Amino acid sequence: MSDISRLRKFVSPEIIFGLGARKMVANYARTFAVRKILLVSDPGVVAAGWVADIAALLDQEGIDFVTFTEVSANPRAQEVMQGAELYRQQGCNLIVAIGGGSPMDCAKGIGIISANGQHILEYEGIDRIHSPIPPLIFIPTTAGTSADVSQFAIINDESERVKISIISKALVPDVALIDPETSATMDPFLSACTGVDALVHAIEAFVSTAAGPLTDMHALEAIRLINTHLVAMVANPLDLHLREQMMLASLKAGLAFSNAILGAVHAMSHSLGGFLDLPHGLCNAMLIEHVVAYNYPAAEERFRVVASQMGLDVRGLNGRQVKQKLLGRIIELKQQVGLQQSLGQLGVKATDIPILSRKAVKDPCLLTNPRKSSQRDVESVYAEAL
Ligand SMILES: [Fe+2]
């Protein structure tokens, strides 16, 4: 008898990958019988010139659109509701998002509300969206979050100071136009944060309890690409070949984690990011080696593969030695891109740990963590990272 709990699904948008991919935006809008587009972005992406760039492409083709750029880093529930109101008032029937995780997640939220009504916080959790959402065409400008391919939306619930995860196949965009040129305007700090986020996606997906052959191949290739190119990309921001390699890595990590889900780094990082409004990639960077150390005994063989994918020679080494080498390489990579802060240095206090942990154990990302984690376990990992 086959065991259906071992079956794996794999969902993905239609993906156009390569320099200039964003120029396909008008063509794709037409294939969805566009009437009017809500173009979602944020002030940083406006300043970098990308919103004007996409607006010009739409204008050339005579496609009507309205822009919504009131999205903060860590998009807030209220911004989603404002965007949905604009979508309704303006009679839009398609959403284009250009930017990093924040505008893309906000755009997903706007889509949910446009089709399903109610308040965005009511959709927290897995598979809670009933009506299909409007077509989404996403153009990522960072190489890390992968909201352009994933079935995740992360929204900041300011009243509770926590980030909620909304997970549904309905949130996989219809089209991802992945254009490495757009990532060349990221500053070194954002390049480092998003690159480490992508590495965490790939590692968490590979050791996830929901991993399978369709996600493993993408996760492993992403780890190899990031290990090879991240440091050079941060040091050479205008090198489009390196930007392209990291965009490809982020895409692969995204396909892996969207389908295999994540683990304790993300559960703890969502709690932290909601509590202190810190960049998501930075939160992950501060937690990763501590979570790997905690998870190691539950997925020793998998972490051995991760270590060799990160260029480490692990032949003949025992489990403890592989663990030390892997942790050393992760810490080294973080240092090489300038992310060596601890939680304490960013203002987390020991007295914050119980509340951070209470929120983290409720995050759906913890369900696929390879090692079962009680609130007490999560508290001790936060304490290690302090
Ligand atoms: Fe992430």
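Predicted model: local features only at pLDDT ≥ 70, side-chain atom pairs only at ≥ 80, totals over all residues.
Local features are taken only where pLDDT is at least 70, side-chain atom pairs count only at pLDDT 80 or more, and totals for chains, interfaces and linings use all residues. Residues are numbered from 1 along each chain as its sequence is written, and side-chain values use heavy atoms, with hydrogens and water left out.

Start with the six-stranded sheet. Its 6 strands line up as S1-S9-S6-S4-S2-S3, and the sheet is open with parallel pairing. Strands here are DSSP runs of E with at least two residues, helices are runs of H or I with at least four residues, and both are numbered from the N terminus; two strands pair if DSSP finds at least two bridges between them. Strand S1 (14–17) and strand S3 (65–68) sit at the edges with a single partner strand each, so one side of each has no neighbour in the sheet. On average, neighbouring strands of this sheet are turned by 15° against each other, direction ignored.

Of its 5 residues, 5 are buried, so S6 is largely enclosed by the rest of the structure. Buried means under 20% relative accessible area, exposed means over 50%, and partly exposed is in between (1.4 Å probe, protein chains only). In a regular strand, side chains alternate between the two faces of the sheet. In S6, Leu136, Phe138 and Pro140 point one way while Ile137 and Ile139 point the other way, and all are buried. S6 pairs with strand S4 (residues 94–99) in the parallel sense over 5 bridges, with isoleucine 98 standing opposite isoleucine 139. S6 also pairs in the parallel sense with strand S9 (residues 175–178), over 2 bridges, and here isoleucine 137 stands opposite valine 175.

Moving along the sheet, S4 pairs with strand S2 (residues 37–40) over 4 bridges, again in the parallel sense. Isoleucine 37 has leucine 94 in S4 as its bridge partner. Helix H4 (residues 77–89) packs on the sheet, touching S2, S3 and S4, and its direction makes about 165° with that of S3. Helix H5 (residues 101–116) lies across S2, S3, S4 and S6 and runs at about 165° to S4. For these angles, axes are lines fitted to C-alpha atoms (for helices over the stretch in contact), and values run from 0 to 180 degrees between N-to-C directions. Contact means heavy atoms within 4.5 Å.

There is also an open sheet of 3 strands, in the order S5-S8-S7, with mixed pairing. Strand S5 (125–126) and strand S7 (152–157) are at its edges, each with a single partner strand, so one side of each is left without a neighbour in the sheet. S5 and strand S8 (residues 162–167) run parallel and are joined by 2 bridges, with glycine 125 opposite isoleucine 166.

On to the helices. UniProt, in an unreviewed entry, places the feature "domain: Fe-containing alcohol dehydrogenase-like C-terminal" at residues 192–385; such annotations may be inferred rather than shown by experiment, and the positions are given in the numbering used here, with feature names shortened. Over residues 192–385 the chain is 70% helix and 0% strand, and the end C-alpha atoms are 19 Å apart.

Helix H6 (residues 188–207) packs against helix H9 (residues 264–276) at an angle of about 135°, with their axes 9 Å apart. That makes H6 oblique to H9; angles under 35 degrees count as roughly parallel, over 145 as roughly antiparallel, 65 to 115 as roughly perpendicular and the rest as oblique. H6 brings Asp197, Val200, His201 and Glu204 to the contact, and H9 brings Ala264, Val265 and His266. H6 also holds threonine 194, which is buried at 7% relative accessible area. Leaving aside neighbours within four places in sequence, threonine 194 is in contact with Thr142, Ala143, Gly144 and Met186.

Helix H7 (residues 213–235) contains histidine 218. Histidine 218 counts as buried, at 11% relative accessibility. With neighbours within four places in sequence set aside, histidine 218 touches Phe10, Lys252, Leu255 and Ala256. H7 packs with helix H11 (residues 300–309) at about 40°, with their axes 9 Å apart, and the two helices are therefore oblique to each other.
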